[in-house]
Amino acid sequence: MLVQANSLPAILARITKDRLITPELIATEIGVSPMTVYRWKNGQVFPKSKIVVTAITNYINRVMA
């Protein structure tokens with residue numbers, strides 16, 4: 001199941017807090033800029049590309065496992 005726009009900020013906040021993973025590391029793993037991850041985390045934007053959404057979903061599933 002792909003990450004939904006309304007849940008992405010909370011998930012990223014939990015990962016950065018609980019797992020001590022920086023937005024910069026998330027950005028490197030997914031292949032986007034750190035500023036993009038900060039914008040997702042703050043709920044300012046949501047990725048429109050299905051490829052990026054899939055990459056985020058795969059990363060989150062890997063980290064949260």
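Student: Where is Leu20 found?

Tutor: Leu20 lies in the loop between α1 (8-18) and α2 (23-30). Helices here are DSSP runs of H or I, at least four residues, numbered from the N terminus. Mind you, this is a predicted model, where local features need pLDDT of at least 70, side-chain atom pairs count only at pLDDT 80 or more, and totals for chains, interfaces and linings use all residues. Residues are numbered from 1 along each chain as its sequence is written, and side-chain values use heavy atoms, with hydrogens and water left out.

Student: Why is Leu20 called exposed?

Tutor: Exposed means over 50% relative accessible area, buried under 20%, and partly exposed in between (1.4 Å probe, protein chains only). Leu20 has 70% relative accessibility, so it counts as exposed. Leu20 also has a positive phi of about 55°, although it is not a glycine.

Student: And what makes Thr57 buried?

Tutor: Thr57 sits at 5% relative accessibility, so it counts as buried. Its place is in helix α4 (residues 50-64). Setting aside neighbours within four places in sequence, Thr57 is in contact (heavy atoms within 4.5 Å) with Met1, Leu2 and Val3.

Student: Why does Thr54 count as partly exposed?

Tutor: Thr54, also found in α4, comes out at 29% relative accessibility, so it is partly exposed.

Student: How do you know that the buried residues of α1 line one face?

Tutor: Those residues are Leu8, Ile11, Leu12, Ile15 and Thr16. Seen down the axis of α1, they fall within an arc of 125°, so they line one face. The arc is that of the directions from the helix axis to the C-beta atoms.

How values were computed
Helices (H or I, at least four residues) and strands (E, at least two) are DSSP runs, numbered from the N terminus.
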